[in-house]
Amino acid sequence: MTVMDKYADLLKLGESLNVNNGEVYEKEGKLIVKGTTEYQMEKDLLWDKIKTYPDYKTDLMADIRVEKTDVYGYHTVVSGDTLGKIAKNCLGDASLYPKIFEANRDILDNPDMIKVGQKLTIPKRG
């Protein structure tokens, strides 16, 4: 199994997140991954995935940059989503859902009334 094969799921995630200026190659037994995500949220998703591989520190080098820093990212509402679930997945804490609600007051009147397909701004962490 090549290093590229070992990290196939990571590479698929990068494609699904539309990483720009992507460069992936093997060099001296290491997988080199470079690219630019639109927002920090996508970069964090990639790093969360990278950290699931036990040997990532020895056989992977990643240089992932972020293009825009005005917000943490965006989330498109899917069936079953709540602001609490989105806050847990995107910000790491369900109790931060009011931050998402406040960042989207232009399209949300009630934190309990989100609709499938709405594109929500995820504010910066902290």
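Predicted model: local features only at pLDDT ≥ 70, side-chain atom pairs only at ≥ 80, totals over all residues.
Tutor: Local features here need pLDDT of at least 70, and side-chain atom pairs count only at pLDDT 80 or more, while totals for chains, interfaces and linings use all residues. Residues are numbered from 1 along each chain, and side-chain values use heavy atoms, without hydrogens and water.

Student: What makes helix 2 roughly antiparallel to helix 3?

Tutor: Helix 2 (residues 8–16) and helix 3 (residues 40–50) pack at about 170 degrees, with axes 10 Å apart. Angles over 145 degrees count as roughly antiparallel, so helix 2 is roughly antiparallel to helix 3.

Student: Which residues make the contact?

Tutor: Helix 2 supplies D9, L10, L13 and G14, and helix 3 supplies L45, L46, K49 and I50; contact means heavy atoms within 4.5 Å. By class, there are 5 nonpolar, 1 polar and 2 charged residues.

Student: Why is one side of strand 1 and of strand 3 left without a neighbour in the sheet?

Tutor: The 3 strands form an open sheet in the order 1-2-3, with mixed pairing. Strand 1 (20–27) and strand 3 (60–66) stand at the edges with a single partner strand each, so one side of each lacks a neighbour in the sheet. The twist averages 5 degrees from one strand to the next.

Student: How many bridges join strand 1 to strand 2?

Tutor: Strand 1 and strand 2 (residues 30–37) are joined by 6 bridges and run antiparallel. Pairing requires at least two bridges found by DSSP. V24 stands opposite V33 in strand 2.

Student: Where does helix 3 lie?

Tutor: Helix 3 lies across strand 2 and strand 3, at about 165 degrees to strand 3.

Conventions:
Axes fitted to C-alpha atoms, helices over the stretch in contact; angles between N-to-C directions. Helix = DSSP H or I, 4+ residues; strand = E, 2+ residues; numbered from the N terminus. Parallel < 35°, antiparallel > 145°, perpendicular 65-115°, else oblique. Nonpolar A, V, L, I, M, F, W, Y, C, P; charged D, E, K, R; others polar.
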